[in-house]
Amino acid sequence: MKIFLNGEPKEVVDNCSVLDLLTEMGIVGKRLAVEVNEEIVSKSRHGDYSFDEGDKVEIVHAIGGG
Amino acid sequence: MQDDKLIIADKTYNSRLLVGTGKYKDMDETRDAIEASGAEIVTVAIRRTNIGQNPDEPNLLDVISPDKYTILPNTAGCYTAKDAVRTCQLARELLDGHDLVKLEVLGDQKTLYPNMVDTIEAAETLIKDGFKVMVYTSDDPIIAKRLEEMGCVAVMPLAGLIGSGLGICNPHNIRLIKENANVPILVDAGVGTASDAAIAMEIGCDAVLMNTAIAGAKKPVLMASAMKKAIEAGRESFLAGRMPKKAYASASSPIDGTFF
């Protein structure tokens, strides 16, 4: 199944959850926020929320800025 | 001076200098400069994580800990109200419900001048959604008052264009904004050197927010220390009340008792 992660196409297994994706990326527990199709998926839902084909997923963090 | 505190959204701060975290050479320089500035409120930007980046790479919030600093996420780079609101919502999720944000909606890439139509629209949405909005604005006193009346917790007129270092381009407008205000007025953007920061404080501003003036100095950590002192000196000078200007000289030594 294909999703778009931070603007790039990415293959994930069916029923892949937000937590599965973060685990694969090695960033579980980091300070970040996840949005799917412009809706926030809060931390408490990361384990339950499974992606659908074509979902636009954004994972953001804080960087230097003024 | 002990009881002269800055209060923003019911929280009390000792430092009247707010600093950004952009444009530093590395995380060590970021940490050292912010430490030297004495700032308690520190701005950050919200961006995509780098896919494939080494997960052990230090994160900004490991260096600038939310336990030690009040983190002020900004909406830099947003040109529409919608993008700014979305950025703030992501920031709140990222920071476990922390709802103090710096709203800026830009109008044009060359000047990064604020788009006040979209800024006001975004501020309305964010305030309704429970955010405490510190708002970047043009130096128009009528707009500044309107933002206060809407419920923004601080109003932050530019002194000069973002990253320009041009200094306080229109001190008269900044003074008008401050005179009419019942919320903290912060100069945000334009400060280039320590004397600019002192001037902003002498006008009566409650605080100054800067990034490039420190990060873009040849020695950022030393400039951070200079800015800390300039802010304190400018504040004390404002509270002390400057002498009136005169057209002619006035001798400092007595005229009586001369023997020549």
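## Parallel sheet of chain B

Leu103(B) has Val135(B), a residue of E7(B), as its bridge partner. The model described here is predicted. Strand E7 of chain B covers residues 132-137, and E6(B) pairs with E7(B) in the parallel sense over 4 bridges.

These strands belong to an open sheet of 3 strands in chain B, with the order E6-E7-E8 and parallel pairing. Strand E6 (100-103) and strand E8 (154-157) of chain B each have a single partner strand and stand at the edges, so one side of each lacks a neighbour in the sheet. On average, neighbouring strands of this sheet are turned by 20 degrees against each other, direction ignored. In general, strands of a sheet pair through backbone hydrogen bonds, either parallel or antiparallel.

## Helices H4 and H5 of chain B

Two packed helices are described by the angle between their axes and the distance between the axes. For helix H4 (residues 116-128) and helix H5 (residues 141-150) of chain B, the angle is about 10 degrees and the axes are 10 Å apart. H4(B) is therefore roughly parallel to H5(B), the limit for that description being an angle under 35 degrees. The crossing in which H4(B) passes H5(B) is right-handed.

On the H4(B) side, the contact involves Met116(B), Ile120(B), Ala123(B), Glu124(B) and Ile127(B); on the H5(B) side, it involves Ile143(B), Arg146(B), Leu147(B) and Met150(B). By class, the contact of H4(B) with H5(B) comprises 7 nonpolar residues and 2 charged ones, with no polar residues.

## Helix H9 of chain B and its partners

Helix H9 (residues 220-240) of chain B packs with helix H7 (residues 194-203) of chain B at an angle of about 30 degrees, and their axes are 7 Å apart. H7(B) and H9(B) are therefore roughly parallel to each other, and their crossing is right-handed. From H7(B), the residues in contact are Ala194(B), Ala197(B), Ala198(B), Met201(B), Glu202(B) and Ile203(B); they meet Ala226(B), Met227(B), Ala230(B), Ile231(B), Gly234(B), Arg235(B), Ser237(B) and Phe238(B) of H9(B). The contact of H7(B) with H9(B) divides by class into 10 nonpolar, 2 polar and 2 charged residues.

H9(B) also packs with helix H1 (residues 27-37) of chain B, at an angle of about 20 degrees and with the axes 7 Å apart. This angle makes H1(B) roughly parallel to H9(B). H1(B) passes H9(B) in a right-handed crossing. Glu29(B), Asp32(B), Ala33(B), Ala36(B) and Ser37(B) are the contributors from H1(B), while Pro220(B), Val221(B), Ala224(B), Ser225(B) and Lys228(B) come from H9(B). In the contact of H1(B) with H9(B), 5 residues are nonpolar, 2 are polar and 3 are charged.

## Overall dimensions of chain B

Chain B contains 9 helices and 10 strands. Along the principal axes, the C-alpha atoms of chain B fill a box of roughly 85 × 40 × 40 Å.

## Chain A

Chain A has 1 helix and 5 strands, arranged along the sequence in the pattern β-β-α-β-β-β. With 66 residues, a compact globule would have a radius of gyration near 11 Å, and the 12 Å of chain A agrees with this. The box filled by the C-alpha atoms of chain A, taken along the principal axes, is roughly 40 × 25 × 20 Å.

Technical notes
Residues numbered from 1 in each chain as written. Chains lettered and ligands numbered in written order. Predicted model: local features only at pLDDT ≥ 70, side-chain atom pairs only at ≥ 80, totals over all residues. Heavy atoms only, no water. Axes fitted to C-alpha atoms, helices over the stretch in contact; angles between N-to-C directions. Helix = DSSP H or I, 4+ residues; strand = E, 2+ residues; numbered from the N terminus. Parallel < 35°, antiparallel > 145°, perpendicular 65-115°, else oblique. Left-handed = near helix turned anticlockwise from the far one by under 90°. Contact = heavy atoms within 4.5 Å. Nonpolar A, V, L, I, M, F, W, Y, C, P; charged D, E, K, R; others polar. Pairing = 2+ DSSP bridges. Rg over C-alpha atoms; globule rule 2.2 N^0.38 Å.
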